[in-house]
Amino acid sequence: MAFELTEYPPRSFCEKYRKFLAPKGSLLPPQQALKNKNLGPAAAETLKKAFKITIKKLRKMRSACAACDKKEGVSLECGECHAVRYCSEGCQQSRLASHRLVCQNLKDELVDQVLECLPSPVTLGPQILRGRRGLVRDWEDWFNNHTHLNDSCISAAQVVYMWWEYTSLPNPGDQELQASLQRIFSNIFSTPLTISLCASWFPGLQPSQRDEAQEFHIHLLGADEPEVKAVEEGIIQIASRTLGRLVVVTLVAPDLAHHPQTLAWSPTNPCLMVPKVKAVAYPGLYHDFWWEHVAVADPTQQVRRPDVALAIHPGVHTDAMMALWRPTLQLLAKECVPLAMTTYNLAEYEQTLEKLSPLGLNIISKGKNPLGSLHAKQTPYEPDHIWAANSYFIAIDNRCAEDKENQGNFF
């Protein structure tokens, strides 16, 4: 293992200093923030020391040899990304090919980690999201045509630039800081945009103008904190805005039991979170939800069948998770519900396809998600692997009845 994720230093830094650096929600320039008397008489030196400690902790997370995991005598470092270290030239040479594929991503990650120490310099209010409606093609389309975020990143980078001298690191420049802000924002918007984009992966599923009065029902399987947060904070409104219809988002997962606030999002009484978005939550297994609220005969407990189901990072590339997900995959195939799933990285995507192949499912589209998060991070178990939310997608069209004969090994 390259490093262990016991504590994420940038998050700890941000949580500790947020109330001083962003008392009204968005990051202040240094000359304003340092006037806060609660930071003490040596506020500038205090923050410089805090940055130094945080960066030291980040480097310590990558202190083992990236090839052999040796802990002592690891003195060689990649001169480009400064994110991996080696104990010998032999170890470094053995990793040249694999590291070359992720070197730029890891270089970007170090810039992103410094920005993660700081509260956001942009307030994501409704005014930011004004722009063209309809399907979002990619991140350039999102930042430039569907929102005002590109202009906001340009001005926000100037504030971050002022703070960079307190990090004691070389300043990457305005353009790199703007790109870093976009990567971080892409991580916030990736899931709600993927929720709306997944409809386009299935022929005839993308809503048309004549369907505007109808609700679009999507089931989020295996939902956890990121999906709950997107609903609570209203970011989920993006799905309705891009689809052009009222959206009913149903979160289903055993882990929702750890989010008691979702208990109010009743299947029989969906909660209107923001205009044109209703939320439902079920803290349990999907096949139980189906029999209790979709296939149930009691009309007071019954909810509408989903237009599409979306599994965010289900992890079915492993045998253990495939065993847990198999009943759900069977159910959706039998009930002819189109299913999309996303993976964190290429390796997981390829392994997932291998696991799905024997099942004879009708995979009609797959590949790199154009709205997968740009905020890539090094994996904790392999220094030359990176991960990012919703990086790849697989679309399984269960609506084709004739394909049931090909699923003999599945049922």
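Which residues form one aromatic cluster? In this predicted model, the cluster consists of Phe13, Tyr17, Phe20 and Phe51. A search of the whole structure finds 12 aromatic pairs. One of these is formed by Phe13 and Tyr17, which are tilted relative to each other, with 4.9 Å from centre to centre and 45 degrees between the planes. Both residues belong to helix 1 and stand four residues apart, about one turn of the helix. Phe13 is buried, its relative accessible area being 3%. Tyr17 also counts as buried, at 8% relative accessibility.

A second aromatic pair consists of Tyr349 and Tyr392. The pair is stacked, with a centre-to-centre distance of 4.9 Å and 25 degrees between the planes; the assignment follows because planes under 30 degrees apart count as stacked. This pair links distant parts of the chain, since Tyr349 is in helix 14 (residues 346–356) and Tyr392 is in strand 12 (residues 392–396), 43 residues apart. Tyr349 has a relative accessible area of 9% and is buried. For Tyr392 the relative accessibility is 14%, and this residue likewise counts as buried.

Phe13 also takes part in the packing of helix 1 against helix 6. Helix 1 (residues 9–21) and helix 6 (residues 103–117) meet at an angle of about 25 degrees, and their axes are 7 Å apart. The two helices are therefore roughly parallel to each other, as angles under 35 degrees are placed in that class. On the side of helix 1 the contact is made by Pro10, Phe13 and Cys14, and on the side of helix 6 by Gln113, Glu116 and Cys117. By residue class, the contact of helix 1 with helix 6 comprises four nonpolar residues, one polar and one charged.

Helix 12 (residues 286–294) and helix 13 (residues 319–334) also pack together, at an angle of about 40 degrees and with 8 Å between their axes. This angle makes helix 12 oblique to helix 13. Helix 12 contributes Tyr286, His287, Trp290 and Trp291 to the contact, while helix 13 contributes Pro327, Thr328, Leu331 and Leu332. The residues of this contact divide into six nonpolar and two polar, with no charged residue.

Leu331 counts as buried, at 7% relative accessibility. When residues up to four places away in sequence are not counted, Leu331 touches Tyr286, His287, Trp290 and Trp291. The C-alpha atoms of Leu331 and His287 are separated by 7.0 Å, although the two residues are 44 residues apart along the chain.

In helix 7 (residues 139–146), the buried residues are Trp139, Asp141, Trp142, Phe143 and His146. The elements that cover these residues include helix 8 (149–164), helix 9 (174–197) and helix 11 (237–243). At the start of helix 7, a side-chain oxygen of Asp138 comes to within 3.3 Å of the backbone nitrogen of Glu140.

The remaining features concern residues in loops. Arg62 is found between helix 3 (43–60) and strand 1 (76–77). Its relative accessible area is 7%, so Arg62 is buried. The side chain of Arg62 makes a polar contact with the side chain of Gln378, at 2.8 Å.

His82 is placed in the loop between strand 1 and strand 2 (85–86). The phi angle of His82 is positive, about 55 degrees, although this residue is not a glycine. With a relative accessible area of 36%, His82 is partly exposed. A positive phi is also found for Ser168, near 65 degrees, again in a residue other than glycine. Ser168 is located in the loop between helix 8 and helix 9. The relative accessible area of Ser168 is 62%, and the residue is therefore exposed.

Notes. Residues are numbered from 1 along each chain as its sequence is written. This is a predicted model: local features need pLDDT of at least 70, side-chain atom pairs count only at pLDDT 80 or more; totals for chains, interfaces and linings use all residues. Side-chain values use heavy atoms; hydrogens and water are left out. Axes are lines fitted to C-alpha atoms, for helices over the stretch in contact, and angles run from 0 to 180 degrees between N-to-C directions. Angles under 35 degrees count as roughly parallel, over 145 as roughly antiparallel, 65 to 115 as roughly perpendicular and the rest as oblique. Contact means heavy atoms within 4.5 Å. Ala, Val, Leu, Ile, Met, Phe, Trp, Tyr, Cys and Pro count as nonpolar, Asp, Glu, Lys and Arg as charged, and the others, Gly among them, as polar. Buried means under 20% relative accessible area, exposed over 50%, partly exposed in between (1.4 Å probe, protein chains only). A polar contact is a pair of N or O atoms within 3.5 Å; within protein, one must be able to donate a hydrogen and the other to accept it, and residues adjacent in sequence count only if both atoms are side-chain atoms. Rings of Phe, Tyr and Trp (its six-membered ring) pair if their centres lie within 6.5 Å; planes under 30 degrees apart count as stacked, over 60 as edge-to-face and the rest as tilted.
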